[in-house]
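Here's a quick look at a protein model, written for someone who likes to have the structure open while reading. Take a moment with the picture before going on.

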Amino acid sequence: MMLQMAKFGFVGLSATVIHAAMLLFLVEKWGVGPVLASIPAFLTALAFSFLLNHHWTFAARGAYGRYFSRYAAVSVAGLTLNIAIMHGAVSLMHQPYLVGLGAVILFVPSISFLLQRYWAFSNPDPGILEK
């Protein structure tokens, strides 16, 4: 499991670099607004991280639709948790945003890894893989 966690972390960091590079390219070279440019940047990073986690981190086989829908759901849940933690830290507890960021960094990747491992990429019924 430790190797999987390391792979998951590497994929996450790589996806972050891809997201940032795509965002910078679209804003700086094509003149796209940063909010609008965030959409393709996020989607590119999501696709990259899904494929790498699917094939490398969790070594899943087949059933792309099943795995991707669950992967995307966990990603959206992670984003929601990120927002909730930041809101709680900054708006409710009146803490500096860096406190919220620390909590996000501590909790969101760990929870995301566990959900990806035990739900999104869990082994389905063997018959599903053949479809």
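## Overall layout

First things first: this is a predicted model. As for its extent, the C-alpha atoms fill a box of roughly 50 × 40 × 25 Å when taken along the principal axes.

## Helix 1 against helix 2

Two packed helices are described by the angle between their axes and the distance between the axes. Helix 2 covers residues 34–57, and its packing angle with helix 1 is about 155°, the axes being 8 Å apart. Because angles over 145 degrees count as roughly antiparallel, helix 1 is roughly antiparallel to helix 2. The crossing of this pair is right-handed.

What sort of residues make up the contact of helix 1 with helix 2? They divide into 18 nonpolar, 8 polar and 1 charged.

## Helix 2 against helix 3

Next along is helix 3, residues 64–92, which packs with helix 2 at an angle of about 120°, and here the axes are 11 Å apart. That angle makes helix 2 oblique to helix 3.

## A nonpolar patch on the surface

Now for the outside. Which residues form the nonpolar patch on the surface? They are Met1, Met2, Met5, Leu114 and Tyr118, and together they have about 550 Å² of accessible area. Two elements give two or more residues each to the patch: helix 1 (2–28) and helix 4 (97–120). Tyr118, for one, lies in helix 4.

Note on methods:
Residues numbered from 1 in each chain as written. Predicted model: local features only at pLDDT ≥ 70, side-chain atom pairs only at ≥ 80, totals over all residues. Heavy atoms only, no water. Patch = residues over 30% accessible without salt bridge, like charges linked within 9 Å, V, L, I, M, F, W, Y side chains within 5 Å. Areas by Shrake-Rupley, 256 points an atom, 1.4 Å probe, with all protein chains shown as cover. Salt bridge = Lys/Arg side-chain N within 4 Å of Asp/Glu carboxyl O. Helix = DSSP H or I, 4+ residues; strand = E, 2+ residues; numbered from the N terminus. Axes fitted to C-alpha atoms, helices over the stretch in contact; angles between N-to-C directions. Parallel < 35°, antiparallel > 145°, perpendicular 65-115°, else oblique. Left-handed = near helix turned anticlockwise from the far one by under 90°. Nonpolar A, V, L, I, M, F, W, Y, C, P; charged D, E, K, R; others polar.
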